[in-house]
Each structure stands twice: as C-alpha cells, then as structure tokens.
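Good morning, colleagues. Please keep the view on the screen before you as I speak.

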Amino acid sequence: MESEAMGGAAKTVCVTGASGYIASWLVKLLLAKGYTVKASVRDPNDPKKTEHLLALDGAKERLHLFKANLLEEGSFDSLVDGCEGVFHTASPVYMTVKDPQAELIDPALKGTLNVLGSCAKAPSVKRVVVTSSVAAVLYNGKPRTPDVVVDETWFSDPAFCKEMKVWYQLSKTLAEEAAWKFANEKGMDMITINPSVVLGPLLQPTLNFSAELILNLINGAQSFPNVTFGWVNVKDVANAHIQAFEIPSANGRYVFVERVAHYSQVVKALGELYPTLHLPKNCADDKPYMPTYQVSQKKAKSLDINFIPMELSLKETVDSLKEKGFF
C-alpha cells in the first residue's frame, strides 16, 4: 500500500481558501504525502477555482471540496469536523481598495475568528496552522537598515498601519493579533507562518498578486519601484505549513524570507536570467534606494527548510507566467 508508507497516511486535514496561490501548492503537497484533504473554496462551481485542484495527483481519491464563506459564522464547522490539522490560508490580498474594512479587514479578521471558532468546537483538531504574513511583522515604525535583524518577536502596530494607510498590512496584523488572543484563551495549539513576497510556479490559472509584481517588470514597465521586499519560494512556504503541522515541537510564529532585495536587484537578476527581456532601467523616483535589512532564518530552518534561492524562484515564476500565456 503506497499510502501506508507516507507521512500523511489515513490522516484528514483541511485547507481554507484552497484555490489560492500558496494553498494550491499546500493541497498538492498534502495529497502527495497521502493525506485526505477537505478543501474550502468560495465557489465550487467556478472551474477557475477548482479545475487545477481536481487535476492534482491523488485528488480523485482524497480531495473533497466544500463551499465556505469567511464572513458566515459556522460555515467552516462541517469542513474542520473530523480533521486533525487545519490550515487556514483564506484571506484577501489587494493593495488598492475602495473600502478597506469590507474588502480586507472583515474577511481577514472575522474570517480567521470564524475558522478558529469552528476549530475550537471540533474535538478532532489537534493543531491549527494559520497563513499570516510579514505584513503582520514589519510595520511598526522601527527602522529597517542593513544591520537590523527582523525576527519572530517583531509585530506590526495597527496604529502605525492606519497612519501609513497600509490596509492589507493592517488586515493581516489585526487578524493575527486576534488569532493569538483567541488561541491563548482557548488553549488551542496554533502556529502562524509569516512569509514575505511569494515567488515560484503558479498552479492556479489566475494571476496572483506576487506573480503580478514580476509580470509587471517583464511586461514593458518603464521603471521599477523604489521598494525593498523579502522574497521566498511558494514551495518552501507550502512545505513549511506541513512541517509546522507534523513536527511536534513546532510552536509560535515562523517568519519566512529567503532574501531581502531591492527591486533593482530583482531586475538585475532577471536580466542575467533572461538577457533578451526588455526590463526597466530606471527607478521610479530619484530618492536613495530603500535600504535592505536582515531577516533571521533560524526559526524557519528549525522546520527543516532549505531555502530555494531567489534567482531560481524568479526563473520559476517567469517560466510559469510564460507557460500560462500571461506574456
């Protein structure tokens, strides 16, 4: 029996927001390990959300799709029932919004509490892994310069996020804060994974936010932003979720950043990989480049992750965008 030899043999877990970029990889890797996966999508009748999941190896036998709405209380009860592990990845990623409360904060905050509420009621659930973000780590007004090392003790400050009008960051910060408060009150075994900008191949047919950042650079942008980001591969992030569930001693938060790089360094790396691409030569402004900083990988590496280097992540992203016909 092939499944008996695999780590996930006969275990049932669930993934919320399963059609998303990280979540699709998470479902793929869970199925490959022999898990039975209950997966929630907003609209199970939308082939764009489900076809790529149903095509995964093992999906016919062990993938079950459910409809669930983040804002509907109790809509995750039947999903988490009977699951040992719950992976909560569902949360909107938009950087420009008309109504931050309705578009970002409610789904992130209420959605997380909704899922955790269902978990608290389900005796089968042993551990919950929540997909947070460096958005809930970095935005606190502390300086980020080359000698600064960011780690898991850093938390974004909601007041600072509001002041800077960074609503996505605010949504992830409020959601993670509320999640820890809830988990601590209920004595729930919860872990958060806090990745930076995620690169790598797309399984889903639609363009996700982070892949779009790269697409913009290779698709005729006149300039690159004066911004420094952390970058990490989607496969490492998905794998980290599974390790966080499987390794008994895993606990707390895990910040995942393979490399901190300014956009100019990303453009340079793309130019070396693809000399024929027309990449932007100039920065969008003439201010000094936003500095880079360091992110500790100590805790992330305790989950047995050997980070895929940024250059390879960029190559996988571009090849995937090309293969899917985005440029």
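This is a predicted model: local features need pLDDT of at least 70, side-chain atom pairs count only at pLDDT 80 or more; totals for chains, interfaces and linings use all residues.

Residues are numbered from 1 along each chain as its sequence is written, and side-chain values use heavy atoms, with hydrogens and water left out.

Along the principal axes, the C-alpha atoms fill a box of roughly 55 × 40 × 40 Å. Buried residues make up 54% of the chain; buried means under 20% relative accessible area, exposed over 50%, and partly exposed in between, with a 1.4 Å probe and protein chains only. Of the contacts with a separation of 6 or more, 80% are between residues 24 or more positions apart, contact meaning heavy atoms within 4.5 Å.

The chain has 13 helices and 14 strands. These are DSSP runs numbered from the N terminus, with at least four residues for helices (H or I) and at least two for strands (E).

Which residues touch the most other members of the largest nonpolar core? They are Val37, Ile193 and Phe256, in a core of 64 residues. A nonpolar core is a set of buried Ala, Val, Leu, Ile, Met, Phe, Trp, Tyr and Cys residues joined through side-chain atoms within 4.5 Å. Helix H2, residues 21-32, gives the most to this core, with eight residues. Beyond its neighbours within four places in sequence, Val37 is in contact with several residues, among them Val13, Val27, Leu30 and Leu63. A second, separate core of 22 residues includes Cys14, Ala90, Leu116 and Phe182.

Next, the strands. All five residues of strand S5, 127-131, are buried. Arg127, Val129 and Thr131 lie on one side and Val128 and Val130 on the other, so that both faces are covered, as in a regular strand the side chains alternate between the two faces of the sheet. S5 pairs with strand S4, residues 85-88, in the parallel sense over four bridges, and Val86 stands opposite Val128. Two strands pair if DSSP finds at least two bridges between them.

An open sheet of three strands has the order S8-S10-S12, with mixed pairing. Its edge strands are S8 (197-199) and S12 (259-262), each of which pairs on one side only. Strand S10, residues 228-233, runs antiparallel to S12, joined by four bridges; Thr228 stands opposite His262 in S12. Helix H9, residues 209-218, packs on the sheet and touches S8 and S10, its direction making about 75° with that of S8. Axes are lines fitted to C-alpha atoms, for helices over the stretch in contact, and angles run from 0 to 180 degrees between N-to-C directions.

Most residues other than glycine have a negative phi. Lys165, however, has a phi near 55°, and Asp304 has one near 65°. Lys165 is in the loop between helices H7 and H8, and Asp304 in that between H12 and H13. Lys165 is exposed, with a relative accessible area of 58%.
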